[in-house]
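Hello,

Here is the structure you are taking over. My notes come after it.

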Amino acid sequence: KLRIKQMQSEAQCAMDSFGNPFGDEVDRGAILLHVLTKFSDTYRSSINGTSGHASRELTGGARICHIFHEVFGKTLQSLDAMDGLTTFDIQTAIQNSMGTRHSLFVPEIAFETLVKRQIGMLEDPALRCVELVYE
């Protein structure tokens with residue numbers, strides 16, 4: 001606790017040495033709002049492609065669109081929805097969801113169980129898409 005207070009005191013001294021660029025009477029809430037608004041506007045213009053920066057590569061929203069449609073889309077198209085799912089797996093899921101009673105329609109629980117397992121196949125491509133956007 002003493003070490004934390006000492007570090008806090010040192011940081012405060014360093015901040016005091018820089019001075020207050022806005023004077024003594026400052027509405028810090030207004031400054032924070034201004035900074036956040038400026039950041040938000042810059043971020044929005046970057047995503048919308050109106051930032052005015054010329055580049056030889058895709059940036060902002062164009063890059064995200066390319067990654068999502070070209071890279072992620074092609075990966076999804078290459079996946080087989082029935083991969084790792086056999087007729088026996090489907091029958092077993094239906095029978096397990098019905099228990100001792102018989103029904104005319106396929107129980108919803110069987111569908112949910114099978115779909116959750118198949119959706120798991122999308123996790124790696126989705127994480128890769130996020131990594132590409134983040135880079």
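Below are notes on one helix, the salt bridges, the aromatic pairs and the cysteines.

This is a predicted model, in which local features need pLDDT of at least 70 and side-chain atom pairs count only at pLDDT 80 or more, while totals for chains, interfaces and linings use all residues. Residues are numbered from 1 along each chain as its sequence is written, and side-chain values use heavy atoms, with hydrogens and water left out.

Helix 2

Helices here are DSSP runs of H or I with at least four residues, numbered from the N terminus. Helix 2 covers residues 28-48. Just after helix 2 comes Gly49, with a positive phi of about 85°.

Aromatic pairs

Rings of Phe, Tyr and Trp (its six-membered ring) pair if their centres lie within 6.5 Å; planes under 30 degrees apart are stacked, over 60 edge-to-face, and the rest tilted. The whole structure has two such pairs. In one of them, Phe39 and Tyr43, the ring centres are 6.1 Å apart and the planes meet at 20°, so the pair is stacked. Phe39 and Tyr43 are four residues apart in helix 2, about one helical turn. Both Phe39 and Tyr43 are exposed (exposed is over 50% relative accessible area, buried under 20%, partly exposed in between, with a 1.4 Å probe and protein chains only).

Salt bridges

A salt bridge is a side-chain nitrogen of Lys or Arg within 4 Å of a carboxyl oxygen of Asp or Glu. The structure holds four; among them are these:

- Asp41 with Arg44, closest N and O atoms 3.1 Å apart. Both lie in helix 2, three residues apart. Asp41 is partly exposed at 37%, as is Arg44 at 45%.
- Glu70 with Lys74, at 3.6 Å. Both lie in helix 3 (residues 60-78), four residues apart. Glu70 is partly exposed at 37%, whereas Lys74 is exposed at 53%.
- Arg117 with Asp89, at 3.4 Å. This pair links distant parts of the chain, with Arg117 in helix 5 (residues 108-119) and Asp89 in helix 4 (residues 87-98), 28 residues apart.

Cysteines

There are zero disulfides, a disulfide being a pair of cysteine sulfur atoms within 2.5 Å. The closest cysteine sulfur to that of Cys129 is in Cys65, 11 Å away and too far for a bond. Cys129 is buried, at 12% relative accessibility.

Regards

Conventions
Helix = DSSP H or I, 4+ residues; strand = E, 2+ residues; numbered from the N terminus.
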